[in-house]
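This report goes through the structure shown below. It takes domains, chains, core and interface in turn.

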Amino acid sequence: MRRRVTLLYLLAALAGIAGAARVQPELLRLRRAFHLTQADPLENMPPMVAFTTVALGGFRGLLVDALWMRATRLQDEGKYFELVQLAGWITKLQPRFASIWAFHAWNLAYNVSVMLPAPEDRWRWVRHGITLLRDDGLRYNPGSAQLYRELSWLYQHKLGQDMDQAHFFYKRAWAEEMTRALGGERPDFDRLAAAPTDLDVLRATPGAPELLSALDAAGFAPPYDRLLDADPPPEPIASRPADDPAVRALLDFLRARRARQIYRLDPGAMKAVDEAYGPLDWRLPDAHAIYWARQGIPYARSRFDRIQLERSIFQSMANAFLRGRMIDNRELGYFALTPNLALYSRVRQAYLDALAEFPNDDSIQVAFRNFLSDAAMIFYTYNLESRAREIYAELADRFPEVAAADGFEAYLYKQWQEYGRDFSPGQASAFVESALYQSHFWRALGDRDRAAGFARMAQLAWQRYMDIRQDPEFRARTGLPPLEEMDRIARERVREFVEQARAAAAEARAGENPPSP
Amino acid sequence: MKRAWAIAALTLRAAIRSRVLAALTVLLILASVGLPLTVRGDGTAAGHAQILLSYTLGAAALVLSISSVWSGCAAISQEIRDRQMHLLAVKPVRPLEIWVGKWLGLVAMNALLLAFSGAIVYGLLRWTTRPEALAADERTALDEEILVARAMARPDESEFEAATREAFRRELTEGRMADDARPDEAYRAFRHLRRLQFYGVPPGALREWRIRLPAAPAPDRPIFLRFRFAKSELAPTAVAGQWFIGAGDEVRLTVAGEWPPDAFHSIPMPARPLLGEREIVVAFGNGDPSGAAVFFDPDRGLEILMRAGGFAGNFARAGLLLLVQLAFLSAVGLAAGAVFSMPVASFVSISLVLLMRISGYIGEMAGQRQYFAEAGRAGPGAALADHALRLVFRALKTALAPLELPDALDLLASGRLISWGAVAGAAAVHLALYGGLLAAGSAWVLRRRELGLPS
């Protein structure tokens, strides 16, 4: 009798489980449809996280409190070595609480990093913050627009802006990493997307088996990840031509693999971002800020989320316009960011898109006005006067309150005066460099007086900007490179321009007078 | 004593036979080998070593602490329940010898297990930080700051204390104190303010402190100046300044730089210019162009750290300090087991351990004058309750204060010296004094307790 009852209970339990399994997919569908959760239940949760989230029940809160108090105490005592682990535990005990991830990533990247004097130590902590959000936070909260925005912010502000004394170090270190990982400022997205996904597929490329055997013999073990960091490249790579299909396939395989596995970058999504907002320099943090903000947009469920993500995009683009061209001179130990004029139309479009979506948002209006104002100045000083006038016309049309009554020249004069009073580092760099560019441009055209005038203007602006930065820390953080070095870059830029113009003219002449058969 | 040793051997043998020792050994191996594989440091070799020391040894200490209390509670209470104690009690063995024998057996078991996990951690540490596995700068940082025993010295405050007392006396005699102010509280506040001034450096000023070195400087070992300060401006920008280190009136070392506020900074300095000196003068010149004043944290914001011994010795002393704690926990468990049944003994022991863990909070509460009145309750009942609570907190503070021990693992992981004096002091208080009291009390109870009651 007792056995029968037990059997009955077992059957009832099995029937219950089977019934639950049948209705579960429908419940999940309804949860998605009504946005009851940010994402589907996690199916790949590590056992330790699954255990702690389920088995500890209400005690999780107590444990989190204890860990949080320990983390705060250790941080206060300057003992940082445990903080990565403690942040990992605290966040994983509440894996679906997006604000906790955001707080700890911010704490590591902002609060802990600035406690350390050495730039390389600071950079390690900024990376810890980024890694926590990117690798774990988004893994457990794939539908959290907030976490995409926070990650975008770390790239845009912590790496991209100049609030941290070590910001040049971060930018340079990130650029080096991205150069190794992606192969340069403009990765070939199609090749990365089409790269072999595993070594077996790679081996099918002609010449690949021999290349891999040679690498094995040179001490590089599969999957050859170290190869991307090898400087100079090992003999089996260096001895083959750069366009060797096996070398290209291997490098594409390694780069795509590192982009996906380490940096969580999808080449297809990178291409879409670059097409929509580029051409971007993917060695710079702004490109990554735009990428992560863009990835979060499908998950924005509130106006606030959406506007914040859009803001991340257009602010990063505006920054890329002002400082989106990288000059890294190893020989002279010189690193600088200068304007990327090619981005103008895309940045403008990003603002227009944001305004179309949020027409009454004052902050976007003000940001767009400032961008047009900067752009008019920069184009003018780069001797692209007609473009500058077009931009000014749009500025005057959209924001008549800032336009000068006496027209474009009067506006420029007024702006110069205002700039001189309060340059931002990006504006100062762009202004000085573009004035130097003008100087070399007019010298190349033979107008020495005009050239001297621009050179004097650059000198004055540089001097004035640096004079109000007497505090050594402020000067190191926001100061400009030596004027001579900026002058050399501008000269180089003019030389490139002149060479391109000559080549275009020669081509046009050749077109007019085709060689006789 | 011979009889106590015999009981200790029996206790140890029983632990081995009941597989407690084997289970604990497996747990310790898992903790010692598994934790370093799963716990993440900050990405530096020093961070890895600190994690290995604090987490792995900490986990071992936690496992052994729980087992010490548990085994201590079970050692006597279970034997009484199972009527095995009768066999022992009717032999010519005194209750004190039974208690001491059991305790020695538990201490021996803990010593064995602690030595075992200590050996694993030490081996792992030496293997993961072997010279060929690290870059030269990482090796140097480890050798000079983590895998070392550094003694610490802070500014001499004796002159400051005398001057403060004198200044306070003047305040009193000149009638500048409010009539209803309590002199002890007023003095605390007065001293606190003057101490902030003692450690503060106005913009453009120079402040000096005398520091008595804990050991003679060795020519080939650097001395570290460790400091942290707050600044009088909210901006977290670095403060420019200069350190002057010397003896008497002679400046022998200067270090100029910029340091961000609220962070700990450590400056290594060559010891050679200070050879032969036992008292040095450390001065800071505040040259910050933005005109911010700086305030060094009075409690731990200005320290001199210098090598006073090797890591192996410090590691051994940390182990001994942990063993003292485990031995004390065993004694607490045994004493509770002698008085109560196993469940009650466990509860009482754990409560006592928790009380020890919150001794800092108890100390703070003992310093408070009002509890109920502060919560808005008034009247004679509240006053009486306040008085009673204060007595309880003070009694607890008096009983628990001597039991406060330095955090051995924290000191070890930060390369701070654990002196033989600290180990001896801990043994004297925890084992000789409190252990002796617990042993005597337990023996007294065991002598009077009726073991043959029908259950």
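Predicted model: local features only at pLDDT ≥ 70, side-chain atom pairs only at ≥ 80, totals over all residues.

## Domains of chain A

Where the two meet, domain 1 of chain A supplies 10 residues and domain 2 of chain A supplies nine.

Three elements of chain A each give two or more residues to the domain 1 side: helix 6 (119-140), helix 15 (285-296) and helix 16 (303-323). Helix 15 of chain A has the largest share, with four residues. By class, the domain 1 side of this contact holds six nonpolar, one polar and three charged residues.

## Chain A as a whole

Chain A contains 24 helices and two strands. Its C-alpha trace spans about 110 × 60 × 50 Å along the principal axes. The chain has 517 residues, and 39% of them are buried.

How many of the contacts in chain A between residues at least 6 apart in sequence join residues at least 24 apart? The share is 64%.

## Chain B as a whole

Chain B has 14 helices and 11 strands. Along its principal axes, the C-alpha trace covers about 85 × 70 × 40 Å. Of its 455 residues, 33% count as buried. Among contacts in chain B with a separation of 6 or more, 85% come from residues 24 or more positions apart.

## Domains of chain B

The assignment for chain B gives domain 1 (2-148 + 311-370 + 405-448) and domain 2 (199-309). The centres of these two domains, taken over C-alpha atoms, are separated by 38 Å. Each side of their contact has five residues: five from domain 1 of chain B and five from domain 2 of chain B. The domain 1 side divides into two nonpolar, two polar and one charged.

Strand 6 (residues 239-247) and strand 7 (residues 250-259) of chain B pair in the antiparallel sense. Nine bridges join them.

## The largest nonpolar core

The largest nonpolar core has 221 residues. Which residues have the most contacts inside it? They are Leu250(A), Ile290(A), Met317(A), Val347(A), Ala376(A) and Val432(A). The largest share of this core comes from chain B, where helix 9 (residues 311-339) gives 18 residues. In soluble globular proteins, nonpolar side chains tend to be buried together.

Beyond its neighbours within four places in sequence, Ala376(A) is in contact with Ala388(A), Ile391(A), Tyr392(A) and Leu395(A).

## Where the chains meet

Chain A puts 18 residues in contact with 21 residues of chain B. On the chain A side, the elements giving two or more residues are helix 4 (83-93) and helix 23 (472-478). Helix 4 of chain A has the largest share, at four residues. The chain A side consists of nine nonpolar, five polar and four charged residues.

How values were computed:
Residues numbered from 1 in each chain as written. Chains lettered and ligands numbered in written order. Contact = placed C-beta atoms within 7 Å. Nonpolar A, V, L, I, M, F, W, Y, C, P; charged D, E, K, R; others polar. Pairing = 2+ DSSP bridges. Buried ≥ 20, exposed ≤ 12 C-beta atoms within 10 Å, placed from the backbone. Core = buried A, V, L, I, M, F, W, Y, C linked by C-beta atoms within 7 Å. Domains from an automatic or database assignment.
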